[in-house]
Amino acid sequence: MIYPWQNDLWQHMTAARGRLPHALLLQGRAGIGKLDFAEALAAALLCERPAADGHACGQCDSCNWNAQGNHPDLRVLTPEDGGQGGDEEDAEAKPGKKSQVISIAQVRELAEFLGLSSHRANVRVVLLHPAEALNAASANALLKMLEEPPSGVLFILVTHQPQRLLPTIRSRCNKVDMPFPERAQAESWLAAQGVADAAERLTYVGGAPLLALRMEEGEQKRLGDLHKELGRGARMDPFFVASLCAKEGILATLEALQKWTHDLAAARLAGEVRYHAQQAPSLQALANGIDLSRLLDFQRVLHEARRTAQHPLNAELQVESLLIQYTQLFPTVRTP
Ligand SMILES: [Zn+2]
């Protein structure tokens, strides 16, 4: 499936089928549908009777295999569940835990696939996402394949962090900047998906429609509660709020705190907010009384916490401590 903001790119690329370079790097922000586009493209290239608009027909043998996830001419590489064992070069994979990496074992299996001749058509596709999940060993193994690509094989790499790829991998691929939708287009698309508060959600996630779509209503309600509490400034109860945040997990909590403090600083320095249009008045009132240098320090603390949050030693304690620091940004008010 592709999205309205991808139509022009789709036309362009499917018109070039048969003349596509051997490796594509689809890059762009998170939440704009890069992977869906990559999957649609792979299906279209493998389809035996593609439609006039370039899309896969959905009926042929190839499309049926694709729907069942076992197409003989397609390989999808993505971080797989840990617990495979025997891959000592991939120390990050832990049993029972979703791995963050595409392992060298996965890439090595590809060699066999590439050595075979095509099952039916003379096209084979390797879809690899997210490409930043390649570690040094697996990236180097892949590089060898990209340097001497077998004929008829198309590699499609998908990433929203191209700067984390090996430069040699990037330079072996044709880079495709995936389109980011105009605000109005994203809003009307979300509305068509039945999202009632499209504008508000879109603002909160910085304009990426799929991130806005994936926000659940429960999540949005909890965020609303969090914003109400943060709006109390020094009078907020950090322990109560920490318990609210426990449901979100530390990464989502840190992101929410970063956006909130960003808007506090913006309100203080420029009299405007970016993510919380609805809470603008209470943010402005809070910002007026804030100790600016402490706020900037706190933003650095949040940034650092986010950087190391993948492996928090004690997430709940860390959130409590951050929330206590938050209440100390504001002048204390005595309640009678
Ligand atoms: Zn088909």
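This is a predicted model: local features need pLDDT of at least 70, side-chain atom pairs count only at pLDDT 80 or more; totals for chains, interfaces and linings use all residues.
Trainee: How are the rings of Tyr3 and Trp5 arranged, stacked or edge-to-face?

Mentor: A pair of aromatic rings is described by the distance of the centres and the angle of the planes. A search of the whole structure finds six aromatic pairs. For Tyr3 and Trp5 the ring centres are 5.1 Å apart and the planes meet at 10°, so this pair is stacked.

Trainee: And the rings of Trp5 and Trp189, are they stacked or edge-to-face?

Mentor: The centres of these two rings are 5.4 Å apart and their planes stand at 85°; since planes over 60 degrees apart count as edge-to-face, the pair Trp5 and Trp189 is edge-to-face.

The pair links distant parts of the chain, with Trp5 in the segment before helix H1 (7-15) and Trp189 in helix H7 (residues 183-192), 184 residues apart. Both Trp5 and Trp189 are buried, and the arrangement of their rings is edge-to-face.

Trainee: Which residues form one aromatic cluster with Trp5?

Mentor: Trp5 is stacked with Tyr3 and is paired edge-to-face with Trp189. The aromatic cluster that contains Trp5 therefore takes in, besides Trp5 itself, Tyr3 and Trp189.

Trainee: What is the geometry of the site of the zinc ion?

Mentor: The zinc ion is coordinated through the SG atoms of Cys47, Cys57, Cys60 and Cys63, at 2.3 to 2.4 Å, and along the chain these donors follow the spacing C-x9-C-x2-C-x2-C. Four donors count as tetrahedral if all angles lie between 85 and 135 degrees. The angles among the four donor atoms here are 102 to 116°, and the site is tetrahedral.

Trainee: Is Cys57 buried or partly exposed?

Mentor: Cys47, another donor of the zinc ion, has a relative accessible area of 6% and is buried. For Cys57 the relative accessibility is 24%, and the residue counts as partly exposed.

Trainee: Which residue lies over the face of Tyr204?

Mentor: A charge sits over a ring if, among other conditions, NZ of Lys or CZ of Arg is within 6 Å of the ring centre. Arg124 lies over the face of Phe113, at 5.7 Å from the ring centre. Over the face of Tyr204, at 4.4 Å from the ring centre, lies Lys259.

Trainee: What distance separates the centres of domain 1 and domain 2?

Mentor: The domain assignment of the chain gives domain 1 as 4-177 and domain 2 as 218-327. Taken over C-alpha atoms, the separation of their centres is 38 Å.

How values were computed
Residues are numbered from 1 along each chain as its sequence is written. Side-chain values use heavy atoms; hydrogens and water are left out. Donors are N, O and S atoms within 2.8 Å of the metal (3.2 Å for Na, K and Ca); water is not among the atoms, so sites may look incomplete. Four donors count as tetrahedral if all angles lie between 85 and 135 degrees; four count as square planar and six as octahedral if opposite donors are over 155 degrees apart and all others between 65 and 115; anything else is irregular. Buried means under 20% relative accessible area, exposed over 50%, partly exposed in between (1.4 Å probe, protein chains only). Domain bounds come from an automatic or database domain assignment. Rings of Phe, Tyr and Trp (its six-membered ring) pair if their centres lie within 6.5 Å; planes under 30 degrees apart count as stacked, over 60 as edge-to-face and the rest as tilted. Helices (H or I, at least four residues) and strands (E, at least two) are DSSP runs, numbered from the N terminus. A charge sits over a ring if NZ of Lys or CZ of Arg is within 6 Å of the ring centre and within 35 degrees of the ring normal.
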